[in-house]
Amino acid sequence: MAMEDDDRPRKKISHDIGQDLSLLSVEELTERIALLKTEIARLEEATTKKRASRDAANSVFKS
């Protein structure tokens, strides 16, 4: 039976902010933490790029 489970496509991990966590296992919670940390890093990178772009534009127009 375990072999059949391994062949099935794995459900994509998703997380809804504020959802009930009581039915999730420790493994599921750990996966969601990793997912959210990755998303936070992606958002921080986008913020850094946008801020640099804005600062560059501001320096051109303030000259």
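**Bridges and a pocket**

Guide: Glu39 counts as partly exposed, at 29% relative accessibility. This is a predicted model, in which local features need pLDDT of at least 70, side-chain atom pairs count only at pLDDT 80 or more, and totals for chains, interfaces and linings use all residues. Residues are numbered from 1 along each chain as its sequence is written, and side-chain values use heavy atoms, with hydrogens and water left out.

Visitor: Why is Glu39 called partly exposed?

Guide: Buried means under 20% relative accessible area, exposed over 50%, and partly exposed in between (1.4 Å probe, protein chains only). Glu39 has 29%, so partly exposed is the class.

Visitor: What makes Arg42 exposed?

Guide: Its relative accessible area is 52%. That is over 50%, so Arg42 counts as exposed.

Visitor: How do you know that Arg42 and Glu39 form a salt bridge?

Guide: A salt bridge needs a side-chain nitrogen of Lys or Arg within 4 Å of a carboxyl oxygen of Asp or Glu. Here the closest N and O atoms are 2.7 Å apart, so the pair qualifies. Both residues lie in helix H2 (residues 26-62), three residues apart, about one turn of the helix. A helix is a DSSP run (H or I, at least four residues), numbered from the N terminus.

Visitor: Why do Glu45 and Lys49 count as a salt bridge?

Guide: Their N to O distance is 3.3 Å, so it falls within 4 Å. They too lie in helix H2, four residues apart. Glu45 is partly exposed at 46%, while Lys49 is exposed at 55%.

Visitor: What makes Asp55 and Arg54 a salt bridge?

Guide: The N to O distance is 3.7 Å, so this pair passes as well. Asp55 is partly exposed at 42%, and so is Arg54, at 48%. By this rule the count is three salt bridges.

Visitor: What makes a set of grid points a pocket?

Guide: On a 1 Å grid over the protein atoms alone, a pocket is an open set with protein on both sides within 12 Å along at least five of seven lines. Lining residues have an atom within 4 Å of a point. Among those lining the largest pocket are Arg10, Ile13, Gln19 and Glu28.

Visitor: How do you know which class each lining residue of the largest pocket falls in?

Guide: Asp, Glu, Lys and Arg count as charged, so Arg10 and Glu28 are charged. Ala, Val, Leu, Ile, Met, Phe, Trp, Tyr, Cys and Pro count as nonpolar, and the others, Gly among them, as polar. The lining has two nonpolar, two polar and seven charged residues.

Terms used:
Helices (H or I, at least four residues) and strands (E, at least two) are DSSP runs, numbered from the N terminus. On a 1 Å grid over the protein atoms alone, a cavity is a set of points where a 1.4 Å probe fits but cannot get out, and a pocket is an open set with protein on both sides within 12 Å along at least five of seven lines; lining residues have an atom within 4 Å of a point.
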